[in-house]
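Morning, everyone. I have one structure to show you today. Have a look at the screen, and then we'll walk through it.

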Amino acid sequence: MCIVERNCDIFFRLYFAVSDQHLADGEVKKQKIPLNIDTNMLKIGFLGGGKMAQALAKGFIRAGLSKGEMILASCLPNDTGSIETFKEMGSNTVFTNVPVIDHGDVLILSVKPQVVPKVLSEFRVHDNKKLLLSIAMGTSLTSLEKALPKETPVIRVMPNTPALVGCGATVFARGKYANDKDAEIAEKLFSSVGICEEVPENFIDPVTALAASGPAYIYMVIEAMADGGVKMGLTRPIAYKLAAQTVLGAGTMVRETNLHPGQLKDDVTSPAGSTITAIHQLEKHGLRSALINAIEAATLRCREVSSQANKN
Ligand SMILES: NC(=O)c1ccc[n+]([C@@H]2O[C@H](COP(=O)([O-])OP(=O)(O)OC[C@H]3O[C@@H](n4cnc5c(N)ncnc54)[C@H](OP(=O)(O)O)[C@@H]3O)[C@@H](O)[C@H]2O)c1
């Protein structure tokens, strides 16, 4: 179900911080102290305020999980477009990451993979009570945990940009210090902007190839279908509108009916009709193979980037 239709309920979580308990024999033992964080409205810190951060911030605000003024994002001084977008949402931006780390109940690591090590190096020992949700492609949970203060709860999340319109497709995998409550927060946030599922970490690369890159493939399909319509006499506006609505409708049919896509295709393919004639052309030109190859290639590229990112 698309999130636009969803009612966002309120949730609370017990957040645990580690503190020192001084024992009679002079030994110092770490203990977990419950801190009550009202996650009715979350203070969210975006480390990196680019496209994805903006899409998520807008989605979280629209879903009622945060407010513009409760969001702080770090942007580079020359990134005036992003700074302006956050301003329009009522959110502040800063040029450095430490104020963001201090601000958020939940931190979202949303910089490009090559900038991740620099941002992680800005965390201090006591920052380990903050839940970090990393949307950065390629950086593994182990690498994130190694670079962060000890026992930082980390969750790796792979969203996609339709989160902006409440129809995102997100998966997440939790690190070894993230508990059920942390997973609940990730699930709640990302379900507020679409569907969200927990998966094993080794699913993340193929999910990136399918769902995070996927909108780009579908935009190409929409553009090409519209071009076909224009070639056959439709105007541009009606062609784009119909192509986009057809993709939306077909996706909704697959989700809502639970029928196999092959069955749905058979249902609209009459003998000697125009649809089967078109399908024959698509098969001749390798539509299925092209998509399978694309997702395979994108997964391999993700693995390549991951192995570079996680070398040290
Ligand atoms: N776009 C997607 O569909 C998508 C989907 C899933 C996951 N992701 C992941 O999400 C992350 C962000 O992607 P994006 O598409 O949002 O990229 P983006 O638009 O380039 O956003 C990254 C932002 O971080 C800023 N930045 C660079 N260095 C920084 C620093 N030291 N401190 C703070 N901010 C810094 C960049 O500023 P400048 O532009 O000025 O360098 C940029 O605004 C990536 O790791 C990507 O793999 C993206």
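Start at Gly-50, which sits in the loop between strand E3 and helix H1. Helices here are DSSP runs of H or I with at least four residues, strands are runs of E with at least two, and both are numbered from the N terminus. E3 spans 44-47, and H1 spans 51-62.

Before I go on, two notes. Residues are numbered from 1 along each chain as its sequence is written. This is a predicted model, so local features need pLDDT of at least 70, side-chain atom pairs count only at pLDDT 80 or more, and totals for chains, interfaces and linings use all residues.

Back to Gly-50. The rule is a count of other C-beta atoms within 10 Å of a residue's own: 20 or more is buried, 12 or fewer is exposed, and in between is partly exposed, with C-beta atoms placed from the backbone.

What does Gly-50 touch, leaving aside neighbours within four places in sequence? Ser-82 and Ser-110. Contact means that the two C-beta atoms, placed from the backbone, lie within 7 Å.

Gly-48 lies in that loop between E3 and H1 too. Gly-48 is buried, because 25 other C-beta atoms lie within 10 Å. Skip its neighbours within four places in sequence, and its contacts are Ala-53, Ser-74, Leu-109, Ser-110 and Val-111.

Now the ligand. How many residues surround the ligand? There are 29, and the closest are Gly-48, Gly-50, Met-52, Ala-136 and Met-137. Near means a C-beta atom, placed from the backbone, within 6 Å of the molecule. H1 and helix H4 (116-120) each give at least two residues to this shell. H1 has the largest share, with three residues.

By class, the shell holds 15 nonpolar, 10 polar and four charged residues. Nonpolar means Ala, Val, Leu, Ile, Met, Phe, Trp, Tyr, Cys and Pro; charged means Asp, Glu, Lys and Arg; the others, Gly among them, are polar.

What does the record say? An unreviewed UniProt entry puts a "binding site" on Leu-47, Gly-48, Gly-49, Gly-50, Lys-51 and Met-52. UniProt, in an unreviewed entry, also places a "binding site" at Asn-97. Positions are in the numbering used here, feature names are shortened, and annotations may be inferred rather than shown by experiment.

Where is Asn-97? Asn-97 is in the loop between strand E5 (92-94) and helix H3 (98-103). Asn-97 counts as buried because it has 22 C-beta neighbours inside 10 Å. Not counting residues up to four places away in sequence, Asn-97 touches Leu-47, Ser-74, Val-119 and Glu-122.

Next, helix H8. H8 runs over residues 214-231, 18 residues in total, and reaches 26 Å from first C-alpha to last, close to the 26 Å expected at 1.5 Å a residue. That expected span is 1.5 Å times one less than the number of residues.

Which residues of H8 are buried? Gly-214, Ile-222 and Ala-226. They are on the same side of H8, because they cover an arc of only 105° around the axis. The arc is taken from the directions from the helix axis to the C-beta atoms. The face turned away from that buried side carries the exposed residues Ala-216, Met-220, Ala-224 and Lys-231.

What covers the buried residues? The cover includes helix H7 (204-212) and helix H9 (236-257). Ala-244 is in H9. Ala-244 and Ile-222 are 22 residues apart along the chain, and their C-alpha atoms are separated by 6.0 Å. Ala-244 is partly exposed, because 16 other C-beta atoms lie within 10 Å.

Now some backbone angles. Most residues other than glycine have a negative phi. Asn-258 has a positive phi, near 60°. Asn-258 lies in the loop between H9 and helix H10 (261-267). Asn-258 counts as exposed because it has 7 C-beta neighbours inside 10 Å. Ala-272 also has a positive phi near 60°. Ala-272 is in the loop between H10 and helix H11 (274-284).

Last, the whole chain. It has 12 helices and 10 strands. Of its 312 residues, 35% count as buried.
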